[in-house]
Amino acid sequence: MTNKNKRSKPRDRDDGHRSAPPASRGAEPAPRRGLLDSLFSPRVGSTSMPSIRTSAARGLAVVAGTPVLAVGAVALVVLEWLAALALGYEGPFALFVNALGLAPVGTSFDATLSTSLFGLQGGFFAILGFVAFRAMVQALLVAVIVEVLRSAPLGRWTLIRALRTLPAALAVNIAGIGLLTLASLLGPLLGPAFGLLIQMAALVGGVYVLSFAPVIAADEGRRLSDAMSRSVRAARMPGSGNLTLAAIYVVASIAILVVPGKPGSDLGVNPTVSAWVMVLVANLLHVVMQAMVAFRYLSVADEVPDAAPRRQAAPRARSRG
Amino acid sequence: MLTSLVCLLSSRRARRTVAAAVCAPVLLGAGVAAGQVAGAWTEFQGGPSKTGVATDGPDPGYRRAWSTPFDPGGPGDRFGLSAPVIAEDVAVAVGPDAVIGVDLGSGEQTFSVDRAVGPSVPAAVAPLGDGAAVVYTEGWGEGPPPAPGSEVSPTASASPGTPADADVEGLVESGLTAFDLGSQERLWPPVPLDGVSRTGVTVDDGSAFVGVNGGTVISVDLADGSVDWRRELDAMLVTPITVIDATVLVGLQGDGDTQPVVVALEANTGEERWRHEPSARSSVVSAISADQGTAFAIFAGLSETSVVALDLADGTQRWSRRVNATFDVIAPPVVGAETVFVTDLIGHTRALDAGTGQQRWDFAQNVPVFRSVPVLVGAHLLVPTLEGELGAIDAETGELVWRLQADGAPIRSVAAAGDVLVAVRGAGRSGLEGFEHDPDAALVREASPTTLAPGRMVGAIAIAAIPLLVVVLLLGRMLIARMGPAFPGDDEQVSEDDEHVVDPWEAEDPTP
């Protein structure tokens, strides 16, 4: 079926998937004139994966330059806070610094919130609802981000793209729960120090291998399993710096949670202005991170290696001898 | 005074309570009055039912009336005084190696009776003819814990502070003992206990009840120190014992295999009446309080924490209220004015309807409350904290009406004694302090931070979000202008007249 709607689209590859032009395509290196020019100038190197710095700048530009994203992120945090209050949450508000975090950082927030509200037993079931909501939010954010990166107008098509991203977003968040559960089971067996290390490793590993999947689903419309496996292959591309980015992201997300004396760390339902500023900035940065991930994937989409062909099963007659 | 000091010094060096008998007449001459115990705060949390309620006491705010320092003792000199109990005009507190009495009017120490080194757990005051008896436990069983950094065995010494000078036997025999408040003379030989006791003593109807760590409960006749009955419950018992309506309530801690339980024993015989096990998987149970046919306790585990109300007649659960918080097991729920008050470790107090468990109000002080036990004095719940703050919350409205600013030294427990509050302090202010009503204190009406103030919240959101968004969007305009599109090639749009534009979403089998 051909696309008959009025929406303009980028050129497609022969297989029907949109081509992902390299980040540097069509962008001539500009002469350096100052700090910003240095920061935003294209990266010269052997891989098309943008540097973390370039990705950060692009992610910031996408979020800050798209009022729907910036205002939407703020509105989402406010709505989530009000919903938590309605469910009986009494703080601390500072927990919400990771409300829009990527899985499994955001999933960890869901787990903490649901157990705070419903206890461990009730929270175990409640977290599924929280994760479903997170998946919807993430699908919508990713769809908008991909549209913006593709210079496409936002509209009905964005919602359709978000709907098609939903399974991947849901899978990523459920995988996040699995990772966190596994880490919490393994952690105590290895002692307190190793336990913390395992928890950190689970978060870093989760962000590292899972974060591209919703972007792949949004941009290429691949099946869930294909999007997940392609996310892992994209993450593992040599020289991509994805692991470093994931580690920086996780460490920063945890650091802001554990900083003593930060605003909003007490029980209370009327956060101060400073607490709101901290939480809103943190969540805008989470959306920036999502945009960074999307930008990085789209920059190398053409270079991601295909999955190895499945081995054919040996003929039964032969195996029987 | 000098003689008293000599007595005090000698008593600290002593390993047993011999010095007390020598010093007692001197100290008695210093003005200790025989105690009259009716209506007084005679044991931990006021009385045998551990409700933590004093109907009579000074109203907030308070000012410090006196302060009596007490140097910490025991292993590593890190053990202070127990929760105080009151016998008319004397506050009695148990230190690691002495029981001290302090005059409520002046704060002067009036006596010190040696005890075998042991945990600082509350004594109880019992009527004794026209006077009163102080009943307390002593001894550390197989030995006190080592001082921090010490490499000696924990089964080391009877000498406080010097585990290295261990008695080779290593045992500090535990026992229950009593002395006359007026003369400080022992009433009967110590009743041996088969291990260390941390429950403190509960006195009711001429008997003293005490628990041993290993789960033994003992009832002792106060008249002669004879053992009425002894009951082995075979589980960890570290929280105070509650007695009400001829029923002894004991909280036994759980372990990896067993649930914590509340056990009710017949006070006269020790026979088990009933036991209550929580429905949810739990690991600990708090001290128990009881009032008007109902026992109250907190069960806590990994999965959930609940305040429960149990029918005293048969142990059936009347209600259970889940509270996602962590509590100090030694603090029983405070029960008064048809309300149950529970305060968690972060200073979040909840007032629950005693009949239904429904929450009436809550107040978040947001300061640590550990080994600090709230009490209800008159119409105000007093919440002492680890940082030295003392909050007075209106029991009816849940508003904070006064607070003593934190000074860094913990307030452990508070006892009401007529016009005086006696508080045990730790750290830099270790000792006892007396507080009295301060007519010049400024009272406040502070709602809990957990009470929603919609106007304030909306204002905070607006003040934070609007400028932030303005800055972000301006930054975005600047960045977009400088950076241009992410993938300029995508701008080469395809018109709808181009032939055969394949919808990627509907490709039947996308190539991986």
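This is a predicted model: local features need pLDDT of at least 70, side-chain atom pairs count only at pLDDT 80 or more; totals for chains, interfaces and linings use all residues.
Visitor: Is strand β4 (residues 90–94) of chain B largely enclosed by the rest of the structure or exposed, and how many of its residues are buried?

Guide: In a regular strand the side chains alternate between the two faces of the sheet. On one side of β4(B) lie B:Val90, B:Val92 and B:Val94, on the other B:Ala91 and B:Ala93, and both faces are covered. Strand β4 of chain B is therefore largely enclosed by the rest of the structure, the count of buried residues being 5 of the 5.

Visitor: Which residue stands opposite B:Ala91, on the side where strand β3 of chain B runs?

Guide: Strand β3 (residues 85–87) of chain B runs antiparallel to β4(B), and 3 bridges join the two. Their hairpin has 2 residues between the strands, and within it B:Glu88 takes a positive phi near 55°. The residue opposite B:Ala91 is B:Ile86.

Visitor: What is the bridge partner of B:Ala93 in β5(B)?

Guide: Strand β5 (residues 98–103) of chain B pairs with β4(B) in the antiparallel sense, over 5 bridges. These two strands form a hairpin too, with 3 residues between them. In β5(B), the partner of B:Ala93 is B:Ile100.

Visitor: Which residues have the most contacts inside the largest nonpolar core?

Guide: In soluble globular proteins, nonpolar side chains tend to be buried together. The largest nonpolar core here has 127 residues, and strand β21 (residues 294–300) of chain B gives the most to this core, with 6 residues. Those with the most contacts inside it are B:Ala91, B:Val134 and B:Val135.

Visitor: With which residues is B:Val135 in contact, leaving aside its neighbours within four places in sequence?

Guide: Contact is judged here by C-beta atoms lying within 7 Å. With its neighbours within four places in sequence left aside, B:Val135 is in contact with B:Ala123, B:Ala124, B:Ala126, B:Leu176, B:Ala178, B:Val201, B:Val203, B:Ala208 and B:Leu222.

Visitor: Which residue in β27(B) is the bridge partner of B:Leu352?

Guide: Another open sheet of 4 strands, also antiparallel, has the order β24-β25-β26-β27 in chain B; its edge strands are β24 (334–336) and β27 (359–364), and the twist averages 15° from one strand to the next. Strand β26 (residues 348–353) of chain B is joined to β27(B) by 5 bridges. The partner of B:Leu352 in β27(B) is B:Gln359.

Visitor: Where in α5(A) does a kink lie?

Guide: Helix α5 (residues 156–189) of chain A has 34 residues, and its reach of 50 Å from first C-alpha to last is close to the 50 Å expected at 1.5 Å a residue. Just after this helix, A:Gly191 takes a positive phi of about 95°. The kink, of about 40°, lies shortly before the proline A:Pro167, at A:Thr165.

Key
Residues are numbered from 1 along each chain as its sequence is written. Chains are lettered from A and ligands numbered from 1 in the order in which they are written. A nonpolar core is a set of buried Ala, Val, Leu, Ile, Met, Phe, Trp, Tyr and Cys residues joined through C-beta atoms within 7 Å. A residue is buried if 20 or more other C-beta atoms lie within 10 Å of its own, exposed if 12 or fewer, and partly exposed in between; C-beta atoms are placed from the backbone. Two residues are in contact if their C-beta atoms, placed from the backbone, lie within 7 Å. Two strands pair if DSSP finds at least two bridges between them. Axes are lines fitted to C-alpha atoms, for helices over the stretch in contact, and angles run from 0 to 180 degrees between N-to-C directions. The expected span of a helix is 1.5 Å times one less than its number of residues. The bend at a residue is the angle between axes fitted to the seven residues ending there and the seven starting there.
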